[in-house]
Amino acid sequence: MADLRSLLSELQNALNQKQLDAASTLMSRAKRTLLLQNALIPTPSTPPELIALAREILELGALASIRQTDAPTFTRYYQQLQPFYDLERDSTTSGKVDFKTSQRSKITGLYMLLLLSMGDSTSFHTVLEGLVEEASLKGYSVEDDPYIKYPVELERNLMEGSYDKVWRETNSERVPSEDFALFSNVLVGTIRSEIADCSEKAYPSLPISNAKNLLFLESEGAVIEFAQQRGWVLRDGRIYFPVEPEAAARSEKDILVASSTIIENAIGYARELETIV
């Protein structure tokens with residue numbers, strides 16, 4: 001196990017110094033070592049110290065994948081970690097394996113945030129229900145944990161259509177860590193794209209100043225850059241969307257009144273609520 005402890009230390013140093021290529025190389029070596037020691041999946045015969053080392057290595061692999069913005073690899077690490085986290089949930093193993101260094105709540109919270117950014121509210125609630133059940137058995141609330149509370153509050157705001165609150169939360173000091181900020185940006189980008197899609201269908205055009213607020217962008221320059229990426233036409237301080245001929249007759253007053261409806265319906269979370277509850 002000395003080799004694994006050495007690899008773990010090197011991996012931690014590489015991540016702390018943001019040397020992601022070096023971290024990937026070290027992860028490959030560490031996973032081969034774990035495979036040779038039959039420790040990638042814990043079993044009753046796996047030594048407790050080896051279980052703790054394997055879990056820590058896989059957790060660092062998950063964090064490295066986030067920092068490389070590699071969601072599929074992060075998801076695979078999350079799935080690989082579940083047998084280790086099952087041991088943590090099992091009170092009969094609590095005195096055998098060292099869980100003090102476990103990053104379970106952080107990894108789980110990041111996975112929930114990823115699910116939100118993908119619009120997968122069903123999987124999000126599946127994870128959340130398991131956490132709520134476990135918390136109730138142990139006499140605490142899932143929202144006592146800041147890593148879990150953050151995605152839960154974001155999802156609640158999404159359900160309510162309070163996208164302005166989502167925007168504020170992802171830009172506040174309540175973001176639990178830098179790793180959460182990465183997926184938070186993905187989530188805001190998803191919301192922005194959905195609102196843009198709805199805007200194209202609902203409006204013939206919008207003033208750039210209105211689009212700035214609607215799309216949660218920080219400046220009109222950012223609106224112009226986003227519009228160019230979408231292939232929108234910019235003319236005389238307005239954005240012109242591709243529209244059906246009959247939509248061209250809508251007045252600016254209609255557009256401004258309808259903007260709140262666009263926001264409320266931009267994402268399909270609300271439509272899924274009744275099937276989830």
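Ser 65 is buried, with a relative accessible area of 1%. The cut-off for that label is under 20%. This is a predicted model, so the value is computed from predicted coordinates. Ser 65 belongs to helix α3, which covers residues 48–67. What does Ser 65 touch beyond its neighbours within four places in sequence? Its contacts there are Asp 70, Thr 73, Phe 74 and Tyr 77.

Next comes helix α5, residues 104–117, and its packing against helix α7, residues 146–160. Their axes lie 7 Å apart, at an angle of about 20 degrees. Angles under 35 degrees count as roughly parallel, and α5 and α7 are therefore roughly parallel to each other. The crossing of α5 past α7 is left-handed. On the α5 side, the contact is made by Ser 105, Lys 106, Thr 108, Gly 109, Met 112, Leu 113 and Leu 116. On the α7 side, Tyr 147, Ile 148, Tyr 150, Pro 151, Val 152, Leu 154, Glu 155 and Leu 158 take part. Sorted by class, this contact has 10 nonpolar, three polar and two charged residues.

Helix α5 also packs against helix α6, residues 121–138. Here the angle is about 150 degrees, and the axes are 9 Å apart. Angles over 145 degrees count as roughly antiparallel, so α5 is roughly antiparallel to α6. Again the crossing is left-handed, as α5 passes α6. From α5, the residues in contact are Arg 104, Thr 108, Tyr 111, Met 112, Leu 115 and Leu 116. They meet Ser 123, Phe 124, Val 127, Leu 128, Leu 131 and Glu 134 of α6. By class, the α5 contact with α6 has eight nonpolar, two polar and two charged residues.

Now the strands. Three of them form an open sheet in the order β1-β3-β2, with antiparallel pairing. Which strands stand at the edges? They are β1 (205–207) and β2 (233–235). Each has a single partner strand, so one side of each is left without a neighbour in the sheet. From one strand to the next, the twist averages 25 degrees. Strands of a sheet pair through backbone hydrogen bonds. β2 pairs with β3, residues 238–240, over three bridges in the antiparallel sense. Within that pairing, Val 233 has Tyr 240 of β3 as its bridge partner.

Key. Residues numbered from 1 in each chain as written. Predicted model: local features only at pLDDT ≥ 70, side-chain atom pairs only at ≥ 80, totals over all residues. Heavy atoms only, no water. Axes fitted to C-alpha atoms, helices over the stretch in contact; angles between N-to-C directions. Helix = DSSP H or I, 4+ residues; strand = E, 2+ residues; numbered from the N terminus. Parallel < 35°, antiparallel > 145°, perpendicular 65-115°, else oblique. Left-handed = near helix turned anticlockwise from the far one by under 90°. Contact = heavy atoms within 4.5 Å. Nonpolar A, V, L, I, M, F, W, Y, C, P; charged D, E, K, R; others polar. Pairing = 2+ DSSP bridges. Buried < 20%, exposed > 50% of the residue type's maximum accessible area, 1.4 Å probe, protein only.
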